[in-house]
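Trainee: Could we go through this model together? I would like to know what stands behind each term.

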Amino acid sequence: MTDVVATNQTILVVGGGISGMTAALEAAECGKDVILLEKNPSLGGRVSQLYKYFPKLCFPTCGMEINLRRIKARNNLRVMTLAEVTKVSGDKGNYSVDVKISPRYVNENCTACGACSDAVSAEFDNEHNYNLDKRKGAYLPFTMAFPQRYVIDPAMIGTDDAAKAKDACPVGAIDLDMAEENIQLNVGSVVWATGWKPYDAAKIQPYGYDRFDNVITSVELERMMDPQGPTGGKLIRPSDGKEAKDVAFIQCAGSRDRNHLRHCSRICCMASLKQSTYTREKFGDEGKSTIYYIDIRAIDRFEDFYQKVKSDSTVNFIKSKVASVVEDKDTGNPILKGVDTEGYKRYANPHDLVVLAVGMEPSVNFNDAPVDIVSNEFGFIEANPENGGLFGAGCASDALDVNRAVQSATASALRAIQVVNQVAEAED
Amino acid sequence: MAKKEYSFYPGCSSQKGASSINYLISTNSMCEELDIQLNHIPDWNCCAASIGYAGGGELPRLALSARNIALSEQAHPDQDIVATCAACWLATKETKERLDESADLMAETNQALSAAGLEIKNNKEVRHMAEVLIEDFGYEALGAKVKKPLEGIKIAGYVGCQTNRPFGIDGESYENPMYLDKLVETLGADPVKNYDKKVQCCGGALAFSEPEKSQDMIKDIIGAAYDGGADMIVTPCPVCQMNVEVYQDQINEKYGTKFNIPVVYYSTLMSVAYGRNAKDSALNGQIIKAKQLEAIANK
Amino acid sequence: MSELNNRVVEKYRNNFLKEVEANVEEGDWVKMCMQCGVCAGSCPLGDAWEHTPQKLFMMIRAGKRDEVLSSDAMWMCTSCYNCIVRCPRELPITHIMHGLAHYAARLGLSPKNQPTQKFAQLFWDNLTKTGRVNELKLGLNLYFMNGFSEGVKKSLEMRSIGQGMFFAKRLNPMEILGGHGVKDQAGFHAMLDKAREIEDAKLDKFGK
Amino acid sequence: MAVQKDIGAYICSGCGLGDRLDCDQLEKVAKSDGRAKLTRQHEFLCSKAGVEMIQADIDAGDVSHIVLGACSRRAKTDAFNFENVVMTRTNLREGVIWVRPDTDEARESTQEMADDYIRMGCAEVKYQDLPAPSQEQGLNRNMLVVGGGITGMTSAIEAAKAGYNVGLVEKAGHLGGTAAALYKRVPERAPYSLPVDNGVDSLATQIQGNPRITVYLNSTVTKTSGAPGRFSVDISTESGDTTTENFGAIVQSSGFEPYDMSQLTEFSPESPDVVDQLGLEALAKEANGGAIKRPSDAKAVESVLFVQCAGQRSEKEGHLSYCSGHCCATSIKQAMYFKQANPDTDTVVMYTDLRTPGAGGEDFYRSAQKQGVIFTKGEVSEVTPGDTGPLVKFNDLILDENVEQNFDLVVLATGMLPNSGVNIDAPAPAEGEEVTETPVSILNLDYRQGKDIPQLVHGFTDSHFICFPYETRRTGIYTAGPVRRPMDIKQAMDDATGAAMKAIQAIENSSKGLAAHPRSGDLSFPSFRKEGCTQCKRCTVECPFGAINEDERGFPQYNEGRCRRCGTCMGACPVRVISFANYSVDSVGQQIKAVDMPDEFEEKPRLLALACENDAYPAMDMAAMNKVEYSAYVRAIPVRCLGSVNTIWITDALNSGYDGIMLLGCQKGENYQCHFVKGSEIAHIRMSKIDDTLSQLQLEKERVGTHEVAITDVERIPQIINEMAETVQKIGMSPFKF
């Protein structure tokens, strides 16, 4: 049974992505007692699934390594994975939070030696790679996963494979009888850093994501580029493994659209600008990118990056919301149909691969979350005094890029500290 | 299952001796088998389709459909209005929605209706027959009635525009609605998989005024059906049926194609599958004969 | 140019957008367009016209009154509703196209010899005569709409189709003698006149 | 070495180590070569039992320094978490058996690898001490905020709410900054439909009523010295009287200056009916909800054009290349001013890309359209004073035509320039060069490296790091708001709160002698042997964080509170007098020497890899997890930063017979990845000089390679290592093996 000591001077952070890690660390490095909850088996969140960041084109795992080292060094910051909040009651300075902990079937003995994984044969969709490939039924979510501890897929329980895994473990780390736990935490303040999820591209029917192999999403492209990703870092198209040298990017795929997400997701323009550099990275002058857009939203110094990309002769910009995508049955090429609205030019352009710059929606819609908190029509948490000791951080509060999300998370850490400090003051 | 009653709006093209009388005949047979009673709206008028706009302004056009709704409310107060013609359905349903949205329009419309001694409450649904089949019966129930499965026939489900957009049937997607394919399967036939022209416009009203433009589109619709190995095309819309069926000779002449593919209504298929004879299924209404259906019907 | 047109011009001077918002069916949506162009790319007859919906909307904002109302673009609409369902800003584009076409026709600004306008007018006249469409008369009128000789040629072209329809019992020559119609002719026409009257009143209110 | 050092070496035989390695042999090595006082083996060292075994020895006082021969220092950190003992972890799992084939041929070389790592571990701890805080400073819970605009006010209020005292310095006679000049502001909460109150008054009242906040109006900072926890700041009024206050940390919210529109001559800026956005705010304030009058003749404005990106997003001489981010929403808001007063006003916003990102932005845009604001995608080429009002020439990009149109009023959406003081990186003016205007310093830092915060780009003082927006280059000083990056009020207020958070953290940590990010929590700090120092100033020059001052005699003063513990100073020191308690020239140098060097004829080369502990070393671990193999001849040592690599290590390595040496660091240059800013770059420069040493020793250049790698290079780093092994094969063994 997990027993976690928490008091009304404890800060609870929900969500172990970069925003949650940041909020938790900033508070913990201020000496506060912090609990960080993550519903997945590992910390990391969406950024752990990105290949590069815009506009620097640096690697998200670099920052993650630093944050993990910071977490490892902190005894006053406790991490709980596979944990979800089911209920929140109480008030500012004194909340009681119900937490459901799903079984990992692997205990802290695990040394991540990998013996269990070698022993099992069953495979499952690899959620870390957006199901573009398979992973074993006993697995480490990814090489930087923290805690660095294997997981047994719940679907394995009761199978021979599960038994094989158990037998293979040299340190008795596998406990197939582990059961779901429900615990209650008493905390002073809660930071919600539940992050975002990509909009379901299949819903954007005219683009045929559900019908054409060579129509993929921007988040899937990030995984493909990762040397440890499903294609080992090769930029190839799903239908035939052919190198995708001519890539089209469709902006506002699900954003700024009453049929989908009414809001602008902010990041998609920059993401596509960044990804247009991938074709150059892989194919040099032979690579070709075409960005179909309504407005390029590269604010502040992101504009410099936009200008840099614009000056690349291999990148084209077409001001147009693509009307539809059809498939050339012979070549498997997606053909984009629409009108370039700058002076009315019709096009029907074939490409090797189409990348939908999918929008960002809150992964928890706070209009129907297990907590009473003020949120806007899009499901993002509003900064509202009525929220008492509950605060939104990062993409739970708005569609934000990483830098702004971390900024927001840092701010939320202070707001949480204010609450517990006031509690402390009142108590002495 | 108890008898189901609906207030029926047949529309001009389903009148005796009109272009889609065969739609009405097969629909009647189909309904008999499903124990559906269609109560015709007394003295209904034309909906002006979506081409009346040159002469008719917004209000006159709304008034036309409003009159039908009002008459239906009078004669069959507790029955939903059901239409078989896509244009009739669309025009009437649109009118219902517009009047619901705007109190002003509602008032003005009633003002006009009062000149005919009518008033509209606008409190009943306006539905397409295909909706009724899928929502009130469901594929399983529809399949249960099949006596002569349409085995071995490959059919392209051509949905077209107006039963699909802007309202659509059964909440299906605008780009790839599946209800005709599911229906074809239900009847024991074989739907053409990913028929990529299934929602392509046939040129609708332009068939008369801009034949070359519409025939160019029709060519693609038929071509894609052949590519999919179709023996025939099924549609829920009289305009689609007419346009796709009757111009095949002219298209062949113009484009050197060899089109000769029957275009039938879902009601035709169902009537045959439900064991009705060729006459009840109005197979004689086919300009391009649906021989495979005739064979089954005459078995 | 009609006298009505002059009055409208007088009333709105340089603000065509306001004119459209006031007088065109669903016209107050025009300002909501964000120029993404999805309507333009979605139209099955796109290649056939010189102004796309989104461009027309921009022209309206830019006050290009004559160009817009004399454009044949909106007459190309086949009411397939592709644009409506794809528009990210919820504009009822099909209806705006119909509204613009009707408004242009009302003001006598629509392009001369626009075939669809002619057909649409024929259709309207045909259906309002009796309350129901008489397909045979509609067809014949149509063939002859560009004069007698044209008409004979056209009917010959269409003969095979006519015969096909006839043998399929889907065309009845007797229709020529009258055919279907609503019983309550008086009420029907009174209603239409009233509707027209109300609409005219709206247009006529200014200038006078 | 004053204190007695008792080394305990603990060898784990779990995770296959026992099968792949001769663990008894490892123990022997630890005893004989490592001089370990005691050695133990355990088949599951990270287990409760294993950990208790070690803890027992510590508690019994048998060991003061421990070497764990097990998995990587990045694994099982929760288990191996001992206090009051110096610990090093030699990487036998990820560093040895996982990167080597399990074959009989490989067995010997794999064992040699492990033996050496044990020797190196023992050598390292021998030269390590437990770091302790210097007690240089105590707890000072006062925070200084420079700049009393909406950002500074927010920082002050938020810090006070957390229980800290704030001194708020504002150069003007009132608080509020630019925001006070706004009629209304863009809403930051739903409904995103109309402009809302600018919010300045409510903040000002909160501040006045707050006993924790002291406001200094008409004041500037004339001197800042000290370090986090002990900043001493002179605050002077215009009249010249100065008070000196002590603060624990600083937030700089000095805001921005509007772009000077008079530079935009093509838009007739001199014309009274052409204004910038602040000009329009003034007109709106004057109208106060009534009809906005145009300046020239006080006629109520009936038509207004907003020119977006005026002098922005442009490479033209004197224009700003960047986007100021807020201007689209601001013009939308201002267009609403007109629509609210009179819906019939023609309001046109002319843009090339309309930028209203985020959840609320699109609603605000839609709301303006609903109110009848017209948006035209176009480019304005010229504005001339027409007779009825400004005549605007523009190209309508949608209708693809050039248009001329009169408006009553034209509003130029010009950009923001950061008010960031002196650019300390600007090259000094050449001899006789005319210095037009010297910018006024904001902080007047008494730092050797200059008066103000280093600027990143376009004069903004933003962090260079995406994951770490507050990774400042002046510890304990955080900038917030438009001085950091162009931003709107909503973001500025969030930013202000974030910066306050970091400032508070700096106060708390500096009081305990703990390092700030990225080595947050580190207690070690640089100290130097004064007698050895030659006052060469290299350490003070190369310190990326401006931590080191010089005393009057030119000796370095470390200001540990400002120090980020990267060791760049240690790497720079030619006489090697700088060291940290647990990281020194010896703690690494002795590892290099500890490696058992086979003689030339054994044909067993030895390669040294000095790997950045943040990127290169983790990448090697992950290569191992993916079972990517590399040469058994390499010996890898993690370093805090390549900047801490002292060339003596290279020279020593060459002299002691290493055949090849690799420095694995982060990307340098414009988009540098080094979290210590210049570490990787400096290392490259230093290594470029190593060639002389090589030629003196008559060794081939190829024997030393400096590489830019990333944490994702799980395939490439093994390649680099193997290529070095091949190179050595080609050019032959080093002759310096004795």
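**Domains, interface and sheet**

Mentor: The domain assignment of chain B gives domain 1 (4-128) and domain 2 (147-298), with bounds that come from an automatic or database domain assignment. This is a predicted model, in which local features need pLDDT of at least 70 and side-chain atom pairs count only at pLDDT 80 or more, while totals for chains, interfaces and linings use all residues. Residues are numbered from 1 along each chain as its sequence is written, and chains are lettered from A and ligands numbered from 1 in the order in which they are written.

Trainee: What makes residues of domain 1 and domain 2 of chain B count as being in contact?

Mentor: Two residues are in contact if their C-beta atoms, placed from the backbone, lie within 7 Å. By that rule, the contact takes 20 residues from domain 1 of chain B and 23 residues from domain 2 of chain B. Helix 1 of chain B supplies the largest share of the domain 1 side, nine residues. Helices here are DSSP runs of H or I with at least four residues, strands are runs of E with at least two, and both are numbered from the N terminus.

Trainee: How many residues of chain B are in contact with chain C?

Mentor: 53 residues of chain B are in contact with 56 residues of chain C. Helix 2 of chain B gives the largest share of the chain B side, five residues.

Trainee: Which classes does the side of chain B that touches chain C have?

Mentor: That side has 25 nonpolar, 20 polar and eight charged residues. Ala, Val, Leu, Ile, Met, Phe, Trp, Tyr, Cys and Pro count as nonpolar, Asp, Glu, Lys and Arg as charged, and the others, Gly among them, as polar.

Trainee: Why are strand 7 and strand 21 of chain D called edge strands?

Mentor: Two strands pair if DSSP finds at least two bridges between them. Five strands of chain D form an open sheet in the order 7-6-5-11-21, with parallel pairing. Strand 7 (213-216) and strand 21 (477-479) of chain D each pair on one side only, so they are the edge strands.
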